Amino acid sequence: MRIFTRRVAIMGAIAAFVTACTPSKFRRYNGPEVTRIQVFKNARVMQLLHNDTQLKAYKFNLGFAPEGHKEIEGDGRTPEGAYRIDRRNPNSRFHLSLGISYPNADDIAKAKAMGERPGGDIFFHGTPSEYVGQSDWTWGCIAVTNDEMEEMYAMVKNGTLVYIYP
């Protein structure tokens with residue numbers, strides 16, 4: 001009984017040590033609130049802002065057909081316009097992700113008028129190893145490095161305004 005108890009204690013200590021040494025993808029952020037995200041598709045620059053002060057800027061990749069506003073499901077375009085962060089996915093297959101509130105009512109109406117669906121599931125997300133170094137590989141999402149996504153995930157809250165420009 002004593003050997004079993006000692007073995008359990010040692011294994012528990014080893015597990016705690018390994019867990020403590022494993023870096024987490026979840027960071028803490030105690031700086032100014034991110035009040036707006038601006039995405040400039042043509043320049044490939046995204047800004048995280050507190051009011052009019054830039055807190056961070058990132059380069060990024062877009063969908064496989066980056067020019068123009070997303071109109072229908074599967075077109076490979078990234079939407080343009082005003083949206084919000086509306087969800088978080090800590091278990092994304094793209095490391096971490098922040099959902100963008102596409103489609104809005106106008107997007108839905110436009111796609112419906114064309115007899116199509118607008119698509120959805122547009123996110124800011126990280127980059128799996130197989131896509132590192134590739135350009136514009138998403139299906140319409142905005143991809144940054146995994147390290148940058150960890151930073152964004154900590155800084156950006158649900159409800160944050162997102163403006164995506166051509």
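Student: How many aromatic pairs does the count come to by this rule?

Tutor: In this predicted model, the count comes to 7 aromatic pairs.

Student: Why is the pair of F26 and Y153 called tilted?

Tutor: The ring centres of F26 and Y153 are 6.1 Å apart, and rings pair if their centres lie within 6.5 Å. Their planes stand at 55°; planes under 30 degrees apart would count as stacked and planes over 60 as edge-to-face.

Student: What joins strand β1 to β2?

Tutor: Strand β1 (residues 36-40) is joined to β2 by 5 bridges, and the two run antiparallel. Because at least two bridges are required, β1 and β2 also count as a pair. R36 stands opposite L49 in β2.

Student: Why are β3 and β7 called edge strands?

Tutor: The open sheet has 8 strands in the order β3-β2-β1-β8-β4-β5-β6-β7, with mixed pairing. Strands β3 and β7 (142-143) each pair on one side only, and they are the edge strands.

Student: Which strands does helix α3 lie across?

Tutor: Helix α3 (residues 146-155) lies across β2, β3, β4 (81-89), β5 (97-100) and β6 (123-125). Its direction is at about 145° to β3.

Student: What makes the peptide bond from Y102 to P103 cis?

Tutor: Omega of this bond is near 0°, and the bond is cis. P103 is found in the loop between β5 and α2 (105-113).

Student: What is the phi of R44, and where does R44 lie?

Tutor: R44 has a phi near 55°, a positive value in a residue other than glycine. R44 lies in the loop between β1 and β2.

Student: Which residues are closest to the centre of the largest pocket?

Tutor: The largest pocket has a volume of about 310 Å³. Of its 19 lining residues, F94, D121, T138, W139 and C141 are the closest to the centre. By class, the lining has 7 nonpolar, 8 polar and 4 charged residues.

Terms used: Residues numbered from 1 in each chain as written. Predicted model: local features only at pLDDT ≥ 70, side-chain atom pairs only at ≥ 80, totals over all residues. Heavy atoms only, no water. Helix = DSSP H or I, 4+ residues; strand = E, 2+ residues; numbered from the N terminus. Contact = heavy atoms within 4.5 Å. Axes fitted to C-alpha atoms, helices over the stretch in contact; angles between N-to-C directions. 1 Å grid on protein atoms, 1.4 Å probe; cavity = no way out; pocket = protein on both sides within 12 Å on 5 of 7 lines; lining within 4 Å. Points joined across faces, edges and corners; volume = space filled by probe spheres on them. Nonpolar A, V, L, I, M, F, W, Y, C, P; charged D, E, K, R; others polar. Phe/Tyr/Trp six-rings, centres within 6.5 Å; stacked < 30°, edge-to-face > 60°.
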